[in-house]
Amino acid sequence: MLETFIQQWLVMSDYDYAVDDRFVQKARAYGVDFSEQYVAIVVEGNRNHLPNQRLAFDLDHLRRVYIFPLTGVHEFLATLPEHALAGVSRPHFDLTKSIKEAVFALALTSPVIEEMKIVFYEDVVDLAQVVEAGVAYPQVEQFLKERVDEEVQVTLWLYGTLGHSMSELSDTLHVHRRTVQYRLDKIAQLTDLNPRVPAEILPLLVSYMRLKTAVIVPALTAQLQRIMSDFQRQNQDVATS
């Protein structure tokens, strides 16, 4: 019953259906208040080890969606297993929008960097909006994909988004400070864009984000759409039977 309620909630938010009194009463029974905004958290990991929460459903065999009001998010994140990854949305009245933001944030996580195991969409929203607007640097993307390995790409991303000093970044990456400098120099050499120059790091960060999200975000968004379509089809079958 609860999973059906969440599916109906998704459909209503995505298609902007009117909410009738009966559905509002059902929502209250599940602790949902439509006058509040909700945060979505998409968690990737072994589902057998993921926390059980009332407002949750499986997106696929690797990922589960959790829905929270504005309170309880950080407490929940602290309960995640060590190897789990999580993308966290901003709060919205539109549940589908929250889930899509969380999916986007999840695509930017990394299992090998502690600071990247959980990504908040709020922290990357400016770059995300640039990417979602269709801004692209195809040649830079190609250089990153073909010439720059994952470790160097992650160094670039953390350097450009965390604002850490070289010493702080070397601690985060567990490498020597000179290694960080070498990686940044390598990017400048391979792409002709210096990540230390603000005007030149933007194409690098946008290209990195596009590479990270290009496959997984459309795939998971399509899976979310299938869940909603299946629910609608089942309801139509019941109505016509």
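**Exercise 1. Aromatic pairs**

Determine how many aromatic pairs the structure holds, and classify the pairs F23–F34 and F68–F76 by their ring planes.

*Solution.* Step 1: state the rule. Rings of Phe, Tyr and Trp (its six-membered ring) pair if their centres lie within 6.5 Å; planes under 30 degrees apart count as stacked, over 60 as edge-to-face and the rest as tilted. The count by this rule is 10 aromatic pairs. This is a predicted model, in which local features need pLDDT of at least 70 and side-chain atom pairs count only at pLDDT 80 or more, while totals for chains, interfaces and linings use all residues. Residues are numbered from 1 along each chain as its sequence is written, and side-chain values use heavy atoms, with hydrogens and water left out.

Step 1: apply the rule to F23 and F34. Their ring centres are 5.6 Å apart and their planes lie at 15°, so this pair is stacked. The pair links distant parts of the chain, 11 residues apart: F23 belongs to helix α2 (residues 21–29), and F34 to the loop between α2 and β1. Helices (H or I, at least four residues) and strands (E, at least two) are DSSP runs, numbered from the N terminus.

Step 2: Buried means under 20% relative accessible area, exposed over 50%, and partly exposed in between (1.4 Å probe, protein chains only). F23, at 3%, is therefore buried, whereas F34, at 27%, is partly exposed.

Step 3: turn to F68 and F76. With ring centres 4.9 Å apart and planes at 45°, this pair is tilted. F68 is buried at 10% relative accessible area, and F76 is buried at 3%.

Step 4: identify the cluster. Ring pairs join F5, W9, F23, Y30, F34 and Y38.

**Exercise 2. The faces of helix α6**

Find where the buried residues of α6 fall when seen down its axis, and which exposed residues the face turned away carries.

*Solution.* Step 1: in α6 (residues 138–147) the buried residues are V140, E141, F143 and L144. Seen down the axis, they fall within an arc of 160° (taken from the directions from the helix axis to the C-beta atoms), so they line one face of the helix.

Step 1: the face turned away from this buried side carries the exposed residues P138, Q139, K145 and E146.

Step 2: the cover over the buried residues of α6 includes α7 (150–162), α9 (177–191) and α10 (198–213).

**Exercise 3. The packing of α4 and α5**

Describe how the axes of α4 and α5 cross, and which residues meet.

*Solution.* Step 1: axes are lines fitted to C-alpha atoms, for helices over the stretch in contact, and angles run from 0 to 180 degrees between N-to-C directions. The axes of α4 (residues 95–106) and α5 (residues 121–132) come within 10 Å and cross at roughly 95°.

Step 1: angles under 35 degrees count as roughly parallel, over 145 as roughly antiparallel, 65 to 115 as roughly perpendicular and the rest as oblique. Helix α4 is therefore roughly perpendicular to α5.

Step 2: E101, F104 and A105 of α4 meet Y121, A128 and E132 of α5. The residues of this contact divide into 4 nonpolar, no polar and 2 charged. Here Ala, Val, Leu, Ile, Met, Phe, Trp, Tyr, Cys and Pro count as nonpolar, Asp, Glu, Lys and Arg as charged, and the others, Gly among them, as polar.

Terms used. Contact = heavy atoms within 4.5 Å.
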